[in-house]
Amino acid sequence: MKEYKSNIFEEKISKTEEEKIYLASQWQLMWWKFKRHKLAMLGGWTLLILYMLAIFCEFFAPYSPTSRFEGYEYAPPQIIRIYDKERGFQWPFVYALRSEMDPSTFRFKVLEDRSKKYYVKFFVRGESYKLLGVFNSNIHLFGADGGPIFIFGSDKLGRDLFSRILHGARVSLSIGLIGVFLSFILGLIIGGISGYLGGMIDEVIQRTIDFLISIPTIPLWMALSAALPRDWPVIKTYFGITILLSIFGWCGLARVVRGKLLALREEDFTLAARLVGASEWRIITRHLLPSFASHIIVSITLAIPNMILGETSLSFLGLGLQPPAISWGVLLQDAQKLAEIALHPWLLIPCIFVIVTVLSFNFLGDGLRDAADPYAR
Amino acid sequence: MLFYILRRLFLFIPLLLVISVISFIVIELPPGDFLTTYIMSLQSATGELLREDEIAQLTKLYGLNQPSYVRYFIWIRNIILHGDFGRSLQWNKKVTELIGERVSLTIGISILTTLFTWIVAVPIGIYSAVHQYSVFDYIFTVIGFIGLATPGFLLALVVMWIAFSYLGLSVTGLFSPEFIQAPWSIAKLLDLLKHVWVPIIIIGMSGTAGLIRTMRANLLDELRKQYVITARAKGLPERRLLFKYPVRMAINPLISTIGWTLPHIVSGETLVSIVLNLPTVGPLFLRAVMSQDMYLAGSIVLILSSLTIIGTLISDILLAWVDPRIRYGGVAG
């Protein structure tokens, strides 16, 4: 089917191609249309890479998130170089780091030591870990020959920021998915009831949604997450936060489900199905649900970034996950004080990851929304 | 019109009730009652013990010997009758004393931010729609997307760092040091205006980006309609044609978006003010929830949510005033 990939709306489509379009399923049409949205494809690929990095973070990260390198506290990011004056172009390397007392502030500062070079090595053996919790391994994607390598610098305890960001991605990226899944179930059920039953129940549910949308969520999230007991284990807090985030997240979805149900209920094919004696359950699951599945996917994609930002904000404030748990918000806790960021600006790097993730989800959602209605235009 | 306003006001009261219940749940959530904590903290701080009758008096005042629904009514009664939101344990002051000035600053910043988003977004939205797919349209679209994706508090961190490291400026706070304790005066107000634009831009960023996109889409829809073609065919000057009908039509749905931009602005204000350490309710609220100072925290939730709802109510009335279709038709409701 390669020859149809470019543009289904091109004018010079041959007879057979035209037939293909008529025969194509709705999902195929959507896929073709989606592929034309360059930004959405970019967003999709970026997210795929980010999720791969998160899933296999032990492999991609050179070190474990907790291993400390003494004497390398607050090391600045090392630049991977392929050129120096003496030898010209060569295999990628980093300069070694050494710590030095700053004569004016009497503080130790980690600086690049231009006299020593560590060559970057790939597939190095390092700390052992369990990939996906199953396979034992000690191979890491990269490392340096001779000393530690901090491509994003290190934090106040001398831990590699890059490794910590990758491990934090696990929490930050998954909380969006799980939170949205919970909101999705809530939204589907509540929106479905509202749209299908109508009347008084519909009115009450709609007013509730109006209400939940019109109050500021951050103060409420803050107050509620502060009520989660501090001595809970990480995994329990994680789910607590996720549930909190989805309490307010389902409204948008319920709206979409209800709106679509109300519109589709009046369609001819619903009437036809009812006339031939299909049961209510069959009408909903076989005829109505597939018709608005695409719209649900769009709403879900656009709801995920809100969840991720919610978790990041809460953890950043110290109300969400607490260290030793790692998420991008927890990492940003170190960057709260102006003095910290002024001296160690690389602590802001997790920001870039948050923004790129949210941007990618928005692009993806935008493309999906355009594609969700392939018959438009 | 009057009937419409009355109807909205009537719907507004149950909303306030629900908000007050939620805020009260926030107060009651932490384990243990607040009086024991209060007595303990007083004892550890000053070493003095409360007398029996004082304890009894406080117990009675907050109804601590009674079930929670009674306490809820006592709390509400004190608010309505005496304007008393309860006591802050951490500060050992009345909640109203603590948040009075901060709340007005929060309201001020929120209103200014809303105005800012409108003043910036509407012209840009019009420009982008009229010059669709031009260079500036693309630039604004990209900026808009990034603005939507960047949460205010992250932006605040980055701005704070850039301003400090490269410009040598401190953008935290709302007043210069000499004015922080000073009573209100013209000089203090001018000082405030000098500082307030940084948080306003930061908080307004994502809202502006969203409004630009909505305005652009609305206006594009309007411009494709037939009455525009008719007007153009009749020879109406392009500028007059644009501002006479399509822009006005496109702005109407925008007013209804206040309903969801305002909560975002209040949320954003809370976070940004914590990062920038503004003297608004944000930092106070964070400290309150951190130390489980629940009357303070619950009251702030109540006040912020109520204010947002009032803002939405005003925007609804404004919309009905601008758009007769809503006044007479059943669109809203």
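Analyst: The residue to start from is B:Met294, which is found in helix 14 of chain B. The model is a predicted one, and everything below is computed from it.

B:Met294 has 26 other C-beta atoms within 10 Å, and the cut-off for a buried residue is 20 or more, so B:Met294 is buried. Along the chain B:Met294 and B:Phe24 are 270 residues apart, yet their C-alpha atoms are separated by 9.2 Å.

Helix 14 of chain B, which covers residues 294-322, packs against helix 11 of chain B, residues 246-256. The angle between helix 11 and helix 14 of chain B is about 160°, and their axes are 8 Å apart. Angles over 145 degrees count as roughly antiparallel, which means that helix 11 of chain B is roughly antiparallel to helix 14 of chain B. The crossing of helix 11 and helix 14 of chain B is left-handed. On the side of helix 11 of chain B, the contact is made by B:Asn252, B:Ile255 and B:Ser256. On the side of helix 14 of chain B, B:Ser315, B:Leu318, B:Leu319 and B:Val322 take part. By type, the residues of this contact between helix 11 and helix 14 of chain B are four nonpolar, three polar and no charged.

Helix 14 of chain B also belongs to the side of chain B that touches chain A. In that interface, 42 residues of chain B are in contact with 31 residues of chain A. The elements of chain B that give two or more residues to this side are helix 1 (2-28), helix 6 (135-149), helix 7 (152-166), helix 12 (258-276), helix 13 (281-290) and helix 14. The residues on this side of chain B divide into 32 nonpolar, 10 polar and no charged.

Two of the helices in that list, helix 12 and helix 13 of chain B, pack against each other at an angle of about 85°, with axes 7 Å apart. Angles of 65 to 115 degrees count as roughly perpendicular, so helix 12 of chain B is roughly perpendicular to helix 13 of chain B. Helix 12 of chain B brings B:Glu269, B:Thr270, B:Leu271, B:Ser273 and B:Ile274 to the contact, and helix 13 of chain B brings B:Gly282, B:Pro283, B:Phe285 and B:Leu286. The residues of this contact between helix 12 and helix 13 of chain B are five nonpolar, three polar and one charged.

The loop between helix 12 and helix 13 of chain B holds B:Asn277. B:Asn277 has a positive phi of about 55°, although it is not a glycine. Most residues other than glycine have a negative phi. B:Asn277 counts as partly exposed because it has 14 C-beta neighbours inside 10 Å. B:Tyr133 sits in the loop between helix 5 (95-130) and helix 6 of chain B. With 8 C-beta neighbours inside 10 Å, B:Tyr133 counts as exposed.

Residues of both chains also meet in the largest nonpolar core, which has 150 residues. Those that touch the most other members are A:Met222, A:Ala223, B:Ala156, B:Ala297 and B:Ile300. Helix 14 of chain A, residues 349-372, gives the most to this core, with 12 residues. Leaving out residues up to four places away in sequence, A:Met222 touches A:Leu314, A:Leu317 and A:Leu319 of chain A, and B:Phe285, B:Leu286 and B:Val289 of chain B. B:Phe285 and B:Leu286 are also among the residues through which helix 13 of chain B contacts helix 12 of chain B.

Of the 333 residues in chain B, 35% are buried, B:Met294 being one of the buried residues. Among contacts in chain B between residues at least 6 apart in sequence, 72% join residues at least 24 apart. Chain A has 14 helices and four strands, and buried residues make up 38% of its 377 residues.

Note on methods
Residues numbered from 1 in each chain as written. Chains lettered and ligands numbered in written order. Predicted model: local features only at pLDDT ≥ 70, side-chain atom pairs only at ≥ 80, totals over all residues. Axes fitted to C-alpha atoms, helices over the stretch in contact; angles between N-to-C directions. Parallel < 35°, antiparallel > 145°, perpendicular 65-115°, else oblique. Left-handed = near helix turned anticlockwise from the far one by under 90°. Contact = placed C-beta atoms within 7 Å. Nonpolar A, V, L, I, M, F, W, Y, C, P; charged D, E, K, R; others polar. Core = buried A, V, L, I, M, F, W, Y, C linked by C-beta atoms within 7 Å. Buried ≥ 20, exposed ≤ 12 C-beta atoms within 10 Å, placed from the backbone.
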